Structures are given as structure tokens and as C-alpha cells.
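Here are my notes for you, written as numbered points. Have the model open while you read them.

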Amino acid sequence: MPFRSPYEQADIFCQKIYSKAKEEDKIPQSKPLVTLTFAQTLDAKISAAKNAKTKLSCEESMILTHHLRTIHDGILVGVGTILIDNPRLNEPSLLSTVNNPIPIILDTNLRIPTDAKILHYHKTDSAAKAPIVVCGPSNAHSQKKKEVEGCGARVICIDPSECDAEGRPLIPSILKALKSVGIKSVMVEGGANVIGSFLDCSASSGVPIVDVLIVTISPKIIGSRGTGASDQATLASHPSGLDLKDPVYEQFGTDIICASVLAP
Ligand SMILES: NC(=O)C1=CN([C@@H]2O[C@H](COP(=O)(O)OP(=O)(O)OC[C@H]3O[C@@H](n4cnc5c(N)ncnc54)[C@H](OP(=O)(O)O)[C@@H]3O)[C@@H](O)[C@H]2O)C=CC1
Ligand SMILES: Nc1nc(O)c(N)c(N[C@@H]2O[C@H](COP(=O)(O)O)[C@@H](O)[C@H]2O)n1
């Protein structure tokens, strides 16, 4: 095979996967295209311990993750990831040259600290975008909402009729709200609770929720103290497991990427 840089490899890989996703042509108008993606070890852990930030991806697979971010309008994480990792969700070396996604945070009770990097990064680099925070209805007029908006973020409060028994916004309602503000594609990065919600919703819904699944598999074993990628997914509607359709495997550096365009 001719020499390819990891940047070229990432670009060609994404073209292959997303041309396939578009061929499926089943993405409902009411929601953005959804890519669910995360990095895990051989024993399916996404972090080394509860409340830990863990580097799993090698340099080449991280380049793929950064490339994926640039081909989506939004990049979504739960507030747990903000509290533990405090990410920027932007790649400085790619800034200014490419599209940067809008960071989106699922945060029912606005627990996000007002000094979280994600709330301020857009002010220091003009190519970075201000985040969207999706919360439950009780925050509609709260002081915290004003503080988060004061940092430049857009706060979207979901109606109580579109939240679960614990008051958390339901995934289809979150996606509908994001589409209504112009987000046509969203990359869901985690953590465990958010991965669980998207997998469960996708498996139990009659219509597709997750369109593309991309998992980075790192040659590492963490053991039982780690957080499992699917620890929070019950997959009750699929007692013998969720089958991935036509999986594509490709090596990036020392990692293997598994990608699948999901069927409804
Ligand atoms: N290896 C990888 O690729 C990645 C690893 N991680 C790791 O994952 C771990 C964090 O995972 P976790 O603590 O589960 O945090 P999450 O990022 O999954 O955030 C979970 C929180 O999001 C809020 N939330 C709001 N709406 C929803 C919804 N519909 N479904 C699920 N959650 C919702 C909930 O808080 P509330 O009820 O208050 O709204 C919930 O507790 C960290 O260790 C981090 O390093 C994270 C991303 C990628
Ligand atoms: N793809 C991937 N590989 C890993 O090893 C990871 N730890 C993660 N984590 C995700 O990336 C975020 C950090 O991104 P920035 O450094 O701020 O750009 C982290 O919060 C997780 O969402 N992903």
C-alpha cells in the first residue's frame, strides 16, 4: 500500500463510512445524523477508574477522532465528562483551517462549573464555537442559566413532557431541539451514561437514532476498576445483544477502528 499520512487515512476512511451512511438514506428529517463514537480497551473500558480521565487512543486514531469532529456540526458529551475530563473538544492544530463543531453538553440541572474550559475556550480562539447546554425545564429562569449564558453559551430547556421520570430530557427530544437550531449532524462522544442512553434509545426505537457507530479499540486491558463502555446500557429490547451491520475494521497506528452504519 502507498504511504499515507494518518490525516489522509482518516479522510479516506470517513469518506467510505459516510458515503455508505448516506446511501442508507434513512435519516429522518426530524433529527440530525448521529455518530456515536468512543475509545475503549480490549476489555471494553472507556476509563481506568470511575472519575478518571484516561488516554486510550494512539496518535493516529486520535487524528481520526479529531477529523470526525470537524465533519460534524456538533459534538455532544454529558456533564459527567465535563466534570471529570474538563475537555475543550476542539483541536488547536486544526483550528482556523477547518469547521469546528459546536460543543453540546447534556446537563439536566446545570451542574456545569462556570469555570469549565468548554464555556470559555471560544473567547480565546475566534475559530472555536460557543457551546450549547441542554437542560431540564426547572432551570428555565434560574440564576445558573443566566450565569452559563453570561459565558456565551446557548441554554436550551426541554419541556417537562419531553423528559423521563428523573427529569432528564429524552434523546429524541434533544435531537429534535438540536435540529431546530440548525445542527444537522452530531458526534456523540460519551461518557458511559450518555453512551448508554443513545444505545438504549437506538435499540428500542422503531426509527434510527444512532446512524453510525465508530469505536476505537486500544490494545490495553484495565480490569474491573474501569468504567465499561456499555455499563449504563440495558439493551432490554435486545436480550441476545445488538448486532452491528456490515462492520468495517481498519488499523490506525496501534489501534483498531470498528465502524458500522446501523440499521433501524
Ligand atoms: N474513552 C472515551 O472515548 C471517553 C471516555 N469518557 C469517560 O467517561 C467518564 C464519564 O462518564 P459519565 O460519568 O457516565 O458521564 P457522562 O458524560 O455520560 O454524563 C452523564 C451525565 O449526563 C447527564 N445527562 C443529561 N441527560 C442525559 C441523558 N439523556 N442520558 C444520559 N445522561 C444524561 C446526567 O447528569 P444529570 O442527570 O445531572 O443531567 C448524567 O449523569 C469519564 O471517566 C470520561 O473520562 C468520556 C467520553 C469519551
Ligand atoms: N477518542 C478518544 N480517545 C481517548 O483516549 C479519550 N480519552 C477520548 N476522550 C474524549 O475526548 C475528550 C478530550 O478531548 P480534548 O482533549 O479536549 O480535545 C474527552 O473529554 C472525551 O470526550 N476520546
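1. Start with the shell around ligand 1: β1 (33–41), β2 (45–47), β3 (74–78), α3 (79–85), β7 and α7 each put in at least two residues. Helices (H or I, at least four residues) and strands (E, at least two) are DSSP runs, numbered from the N terminus. The top contributor to that shell is α3, with five residues.

2. Before you go further, keep in mind that this is a predicted model, where local features need pLDDT of at least 70 and side-chain atom pairs count only at pLDDT 80 or more, while totals for chains, interfaces and linings use all residues. Residues are numbered from 1 along each chain as its sequence is written, and chains are lettered from A and ligands numbered from 1 in the order in which they are written.

3. How many residues surround ligand 1? There are 30, and the closest are Gly 78, Gly 80, Thr 108, Gly 190 and Gly 191. "Near" here means a C-beta atom, placed from the backbone, within 6 Å of the molecule.

4. By class, the shell has 13 nonpolar, eleven polar and six charged residues. Ala, Val, Leu, Ile, Met, Phe, Trp, Tyr, Cys and Pro count as nonpolar, Asp, Glu, Lys and Arg as charged, and the others, Gly among them, as polar.

5. Now the domains: domain 1 is 34–50 + 189–264 and domain 2 is 73–184, with bounds from an automatic or database domain assignment. Each of them gives at least three residues to the shell around ligand 1. Their C-alpha centres are 22 Å apart.

6. Ten residues of domain 1 are in contact (C-beta atoms, placed from the backbone, within 7 Å) with ten of domain 2. On the domain 1 side, α7 supplies the largest share, five residues.

Conventions:
Contact = placed C-beta atoms within 7 Å.
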